[in-house]
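Hi everyone, thanks for making the time this morning. I'd like to walk you through one structure and how its pieces pack together.

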Amino acid sequence: MLGFYTPTLSDAQWINELTENCGQIGCDISFATTYLWRNKYNIKVCNYKNTLFKAYFNVKNADKVDGYSFPVGELAPKDALAVLLDDAHSRGAKPVIGMLNKTNAEILSHLYPDEFDFIEELDSADYIYSRENLALLPGKKFHAKRNHISKFMRNNPDFCYKPIDSSNIEDAYIVAHKWNMKNSGDNSELSAIREALDNFDALSLLGGVLYVASRPVAMTIGSKINSTVCDVNFEKAVEVDGAYAVINNEFAKAHPEFLQFNREEDLGLEGLRISKLSYNPDKILMKYTAVKR
């Protein structure tokens with residue numbers, strides 16, 4: 001049985017070392033995502049033979065595993081998956097492996113033919129964008145976005161964008177808190193944002209705050225998946241029309257070191273799906289769940 005435990009900030013280094021070059025660019029692979037959502041989803045990790053095993057334990061029954069992620073590290077997939085299945089068996093759990101990308105789903109299917117059913121998780125698919133497109137908004141397909149931003153700038157000539165640092169962390173939280181009060185009855189995301197801001201440097205996060213008349217109206221927080229892909233963990237805007245489009249654009253312009261931005265899933269929400277599609281994603285990264293027959 002693997003020795004799973006709740007991740008702490010001290011786990012950042014070894015997890016980042018194993019995930020940065022694994023080829024996966026899903027939002028769930030990053031340490032920041034794992035750490036910030038560890039409490040809500042009871043996420044636990046284990047380093048076995050320099051391979052990251054991650055499991056989602058039942059929130060109400062701490063001894064029950066609801067599912068695993070695909071292992072990442074030095075063990076070959078065949079050996080790592082055998083360890084995972086043995087752990088599930090030792091816990092009396094039916095093996096479920098979630099957040100699989102297409103490549104990992106194919107590896108699992110090849111190694112265990114006809115042993116798993118694969119479920120396409122459209123609501124969990126990640127939207128992947130070219131940073132250059134988000135920053136420059138080129139061509140006819142971004143005409144409406146450019147107009148939206150131009151209107152915001154005409155109406156708010158005193159706007160400014162500032163990277164998040166120790167001087168404006170609380171401004172970022174003010175935006176998130178206002179958004180949560182108006183839009184959400186669930187405080188788990190607000191709690192994750194609070195923790196992200198409190199551990200901004202320790203988690204190596206990136207972010208920015210948009211101001212109008214010195215008043216914070218939008219915020220964003222991102223994390224590095226690898227050297228070329230940034231995950232946009234949180235993005236909130238309040239009060240001012242066009243603030244979402246501007247914070248998105250300004251954040252992309254501020255980070256030319258990345259080639260792609262993962263703006264995460266739409267959760268099956270029609271409005272969010274329409275919004276994400278309106279930015280013309282380069283790719284929609286499908287996710288799959290594999291359930292042992």
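At what angle do helix α7 and helix α8 pack, and how far apart are their axes? Before I answer, please keep in mind that this is a predicted model. Helix α7, residues 169-183, packs with helix α8, residues 188-198, at an angle of about 180 degrees, and their axes are 10 Å apart. Angles over 145 degrees count as roughly antiparallel, so α7 is roughly antiparallel to α8.

Let's look at who is touching whom. On the α7 side you'll find Ile169, Glu170, Ala172, Tyr173, Ala176, His177, Trp179 and Asn180, and they meet Glu189, Leu190, Ile193, Arg194 and Leu197 of α8. Sorted by class, the residues of this contact are 8 nonpolar, 2 polar and 3 charged.

Is asparagine 180 buried or exposed? Its relative accessibility is 5%, and buried means under 20%, so asparagine 180 counts as buried. Setting aside neighbours within four places in sequence, asparagine 180 is in contact with Asp186, Asn187 and Leu190.

Now let's turn to the nonpolar cores. The largest one has 33 residues, and those with the most contacts inside it are Leu36, Ile164, Leu197, Ile221 and Phe234. Which elements each supply at least two residues of this core? They are α1 (12-19), α2 (31-36), β1 (43-47), α7, α8, β9 (206-212) and β10 (215-224). The largest share, 6 residues, comes from α7.

If you zoom in on isoleucine 164, and again leave aside neighbours within four places in sequence, you'll see contacts with Ile169, Ala172, Leu197, Phe200, Gly207, Gly208, Val209, Thr220 and Ile221. Apart from this core lies another, of 27 residues, including Val212, Cys230, Val240 and Ala245.

One more helix pair before I hand over. How do helix α3, residues 77-90, and helix α4, residues 102-111, pack? Their angle is about 80 degrees, with the axes 11 Å apart. Angles of 65 to 115 degrees count as roughly perpendicular, and α3 and α4 are therefore roughly perpendicular to each other. Pro77, Lys78 and Leu81 of α3 make this contact with Ile107, Leu108 and Leu111 of α4. By class, that gives 5 nonpolar, no polar and 1 charged residues.

That's my tour, and I'm happy to take your questions!

Key: Residues are numbered from 1 along each chain as its sequence is written. This is a predicted model: local features need pLDDT of at least 70, side-chain atom pairs count only at pLDDT 80 or more; totals for chains, interfaces and linings use all residues. Side-chain values use heavy atoms; hydrogens and water are left out. Axes are lines fitted to C-alpha atoms, for helices over the stretch in contact, and angles run from 0 to 180 degrees between N-to-C directions. Helices (H or I, at least four residues) and strands (E, at least two) are DSSP runs, numbered from the N terminus. Angles under 35 degrees count as roughly parallel, over 145 as roughly antiparallel, 65 to 115 as roughly perpendicular and the rest as oblique. Contact means heavy atoms within 4.5 Å. Ala, Val, Leu, Ile, Met, Phe, Trp, Tyr, Cys and Pro count as nonpolar, Asp, Glu, Lys and Arg as charged, and the others, Gly among them, as polar. Buried means under 20% relative accessible area, exposed over 50%, partly exposed in between (1.4 Å probe, protein chains only). A nonpolar core is a set of buried Ala, Val, Leu, Ile, Met, Phe, Trp, Tyr and Cys residues joined through side-chain atoms within 4.5 Å.
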